[in-house]
Amino acid sequence: MLKNLSITVKVYIPIIFVMLLGILLITYNGMQSLKNISDDAYSTFAQNMQAYVDQGLNEKEQVGLTNVINIANNNNIYDALKQNDRNIAIKNLDNISKSFKNNSDYKNVKVHIHDANINSFLRHWNLNKYGDDLKGFRDSIIDVKESRKPFITIESGRAGMLLRGLSPVMDNDKYIGSVEFIQGFNSIVKKAKEQKKYDLVFLALDNEKGIKRFDSNIYKVGNMFLSQRKNITSRKLLNTLQKVDINNLTTKLFTIKDGYFITSIEMLNHNNVLIGYGLIAADIENVNSFVNATKATLLNQIYTMILIDIIILLSLLLILYILVKKPITNLIYAIHDIENSLKNGDLKDLYSENKLEIKNNDEIGIVSKTINALLKNMTRAFTKIRRINKYSSEYIKAVNAGSIVSKSSPDGIITYVNDTLCKKTGYTKKELIGKPHNIFRHPNTPKKIFRNMWDTIQSGEIYHGLLKNSKKDGSTFYANITIVPIKDENNIIIEYIALRDDVTELVNSKKELKKNFLTDILTSLGNRFKLLEDVKLNGESYLAIIDIHFFKEVNDFYGYKAGDSVIIDLADKMFHYFNDDKFDLYRLNGDEFAVLVDSDRITKDKFFEKLNSFKEEIKQRTFKIDNNEITIQLTIGVSCNSDNLINEADIAHKYAKKSNKDIVGYVDEINIDEEYKKNIEWTNEIKSAIEENRIKAYYQPIVNTSNNKIEKYETLMRLIKRDGEEISPFFFLDIAKKTRLYKDLTKIVVTQAFEKFNGTKYEFSINLSAEDVMLHNVSDWLFDLAIEHGVNNQVVIEIVESEGIESFDMMDSFIRDAKTCGMKIAIDDFGTGYSNFEYLIKLNTDFLKIDGSLIKEIDNDEKIYGVVETIVGFARKNDIKTIGEFVATESIYKKIKELDIDYGQGYFLGKPNPEL
């Protein structure tokens, strides 16, 4: 009868019997009671541990809050913040710290004072570190400023998770800073060990702000950092915590591991935000001692139940073996025989060789019949597959012979390559199989091409395209590639097959032709034709045209070969400076270059900022010609109007050159015709003024601040119009330089000054630029004229436009000659622009004229006052006299005297006048 029963019935009868018997035994013996007894005891013990640590934290919080309020209300701390004097606070905190160490258990208290801007004012434990901005990672300091009330919190900072008491420091209703009383958890750890034999570990969560609080060697548990001294922390407990899932440890009431009974408390800040945990561990033996007796009785009952269960299970196993397992085992052996036939390839008559014998009519008999039917169908299918595989192998042979072939998994891992691909790329099959398919990707190919390729094939479509690939040796080859997704019966992609044709020779020949047409031969940058083509393709763009100021003089002086080397060097510097894919570079002709950028990739302000930065960088660099080093300056014209980009950039560039400006952006107000007309009018006015003796030297007094007496004068130029109007050189000096009248003007003013001061006791200054020295050869006549008039020991040469000094080697020689002649040197307009302390030493300066833009604000701007104070201090240490310009009021004059500036000059002390 049992032979005709189903396997289900045969299995269910003993299983149901065992389940019912097991439930009765478990209910009868009260297995759950054992767990409840243990759980209740463990829970009570864990709550007592938590309460003990909470009490310790509360005591420290009260100490922290009381003391931070007392310190914040301390008059010395108030005075230190109010007067910005750290020494007052340091002295006071030294006394407080000493008192804590001598009279309390708190030996490592730290006090941190912050200013009103939430910057560090004083770290009492690290006096040299202050002034850093704390806003980015210290929310509590921001909160105490906003609330203006003291509070206690636990917060993580650069020193780890600490207990921090904070209190504002107020000046009436004005917040002027705050005080922070910082305590660690080491004393709680020690006390718990001494009093309760608890091991404590305080851990700080890793803040999502990514603040680097801890050094690389700090101990971690999970994603949390140890926030106490490691030498007082149980090494055994730390090792245990590494084995425990930290999430379970902090979410469960208790955890038992490695002989420890462990519970946790949450560490919350003043906003009730979780920032860490305190873990409390006790020896498990201390917990288990009072429940062991009860557990012993229950364990005896459980052992009895287990013995009965074992007997029952052995009986069931014997029954199951006879009724179920043996028939199933025989079926498994038969299936293994079928599997071996499949592995060995014996597929011609799979059915006749592996047919199963059917003895019973149960499920095993039904399965056997089904397997026999499957064997018949498999035998027919294998016959068809052999025929299809033969055809497929012939097709594959043809593809491998004519194409470069590879296969990859759905995630792009290479699974097959043919010999042609290895020969073409230089890789072996071993080097390629198992590697990502992007091993052939050329770095210059835009990423969007590969994104498009992946989007196409991952959607199940066939991809066709021309790709630039890299060989093993880094060289390039081009291939027309077809990638076919291969899908299974569920239409899921299981692999990709890539077929390539090498078209490198064809692509290179086309690229070479186009490159030669669009490339500048000297620099290998794009040429004007390339710029015209790119402007059409780019859409909305910005364009800058750049050339070298006075490049003709470089060619004339050093020769065209040297000029070409400067062009190549500048092109190389431009290439490396504008080296990302936002910018395209061109050489248009001669020393003229262009920079083109898509307006979607950069803002107009950032483009100007980039150009200005490059201009300044070039100004600082030197270009080597043979054994000589020269510096160059750039002139830049910019257009941001894509409708007329090249023309407007060219107009802006020409305007920049004409107006002697470094960089000009195109605006409609640039009117070259009006400029030409204005230049002609001023040229005629200057010529007639020279002929009619209307160029006059004016003299502005320079007063000694120690005795309020005039001791010097500065010589200034004025053009007197026919109607008597006095015109400053600001309006006509640039035009005079362009029309070669500048040298005549300089000689007229210098000659008048020499005649005026001949026989006087006064020193007087004349203004010269680097351009005067280099282009106008003033030394040829200046020294002789000064000696002729007997004023050579009274002359002070003021060097203006100091940004041009380093471009001309002869400046040092000129200054040495001037000093030999008895003259003195002054640097004009110091403190702005390109003037720097290096020139004061390099040029052997006697006087330093502090720029008027600083002096005129010195009585109402403390920062500017500090800048001027620094300049005066440096000058005095280097035995250089100082002169303050633009002294327009009595208040300013008092300030420069207060700073011990040696001389003053300005309308308050005397206006420019043709007479002394």
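This is a predicted model: local features need pLDDT of at least 70, side-chain atom pairs count only at pLDDT 80 or more; totals for chains, interfaces and linings use all residues.
Strand 14 and strand 15 form a hairpin with five residues between them, and Gly-474, which belongs to the turn, has a positive phi of about 90°. Strand 14 and strand 15 are joined in the antiparallel sense over eight bridges, and among the pairings between them is that of His-464, whose bridge partner in strand 15 is Thr-482.

A further hairpin is formed by strand 15 and strand 16, with five residues between them, and in its turn Asn-491 has a positive phi of about 65°. Strand 15 covers residues 476-487 and strand 16 covers residues 493-502; the two run antiparallel and are joined by nine bridges. Within this pairing Asn-480 stands opposite Asp-501 of strand 16, while Val-484 has Ile-497 of strand 16 as its bridge partner.

Another open sheet of five strands is built with antiparallel pairing in the order 2-1-5-4-3. Its edge strands are strand 2 (120-123) and strand 3 (151-157), each of which pairs on one side only, and the twist from one strand to the next averages 30°. Strand 1 (residues 110-115) pairs with strand 2 in the antiparallel sense over three bridges, and in this pairing His-112 stands opposite Arg-123 of strand 2. Helix 4 lies across strand 1, strand 2 and strand 5 (174-183), running at about 40° to strand 2.

The strand pairings described above can be set side by side as follows.

| Strand pair | Bridges | A residue pair |
|---|---|---|
| Strand 14 and strand 15 | eight bridges | His-464 and Thr-482 |
| Strand 15 and strand 16 | nine bridges | Val-484 and Ile-497 |
| Strand 1 and strand 2 | three bridges | His-112 and Arg-123 |

Helix 4 also takes part in a helix pair. Helix 3 (residues 75-83) and helix 4 (residues 86-103) pack at an angle of about 160°, with their axes 8 Å apart, and that angle makes helix 3 roughly antiparallel to helix 4. Helix 3 passes helix 4 in a left-handed crossing. Asn-76, Ile-77, Asp-79, Ala-80 and Gln-83 make the contact on the side of helix 3, and Ile-88, Ala-89, Asn-92 and Leu-93 make it on the side of helix 4. By class, the residues of this contact divide into five nonpolar, three polar and one charged.

Elsewhere in the chain, the axes of helix 24 (residues 742-757) and helix 26 (residues 779-789) come within 10 Å and cross at roughly 20°, which makes helix 24 roughly parallel to helix 26. The crossing of these two helices is right-handed. On the side of helix 24 the residues that meet the partner are Lys-743, Thr-746, Lys-747, Val-750, Thr-751, Phe-754 and Glu-755, and on the side of helix 26 they are Trp-781, Leu-782, Leu-785, Ala-786 and His-789. Sorted by class, the contact of helix 24 with helix 26 holds six nonpolar, three polar and three charged residues.

Methods:
Residues are numbered from 1 along each chain as its sequence is written. Side-chain values use heavy atoms; hydrogens and water are left out. Two strands pair if DSSP finds at least two bridges between them. Helices (H or I, at least four residues) and strands (E, at least two) are DSSP runs, numbered from the N terminus. Axes are lines fitted to C-alpha atoms, for helices over the stretch in contact, and angles run from 0 to 180 degrees between N-to-C directions. Angles under 35 degrees count as roughly parallel, over 145 as roughly antiparallel, 65 to 115 as roughly perpendicular and the rest as oblique. A crossing is left-handed if the near helix is turned anticlockwise from the far one by less than a right angle, and right-handed if clockwise. Contact means heavy atoms within 4.5 Å. Ala, Val, Leu, Ile, Met, Phe, Trp, Tyr, Cys and Pro count as nonpolar, Asp, Glu, Lys and Arg as charged, and the others, Gly among them, as polar.
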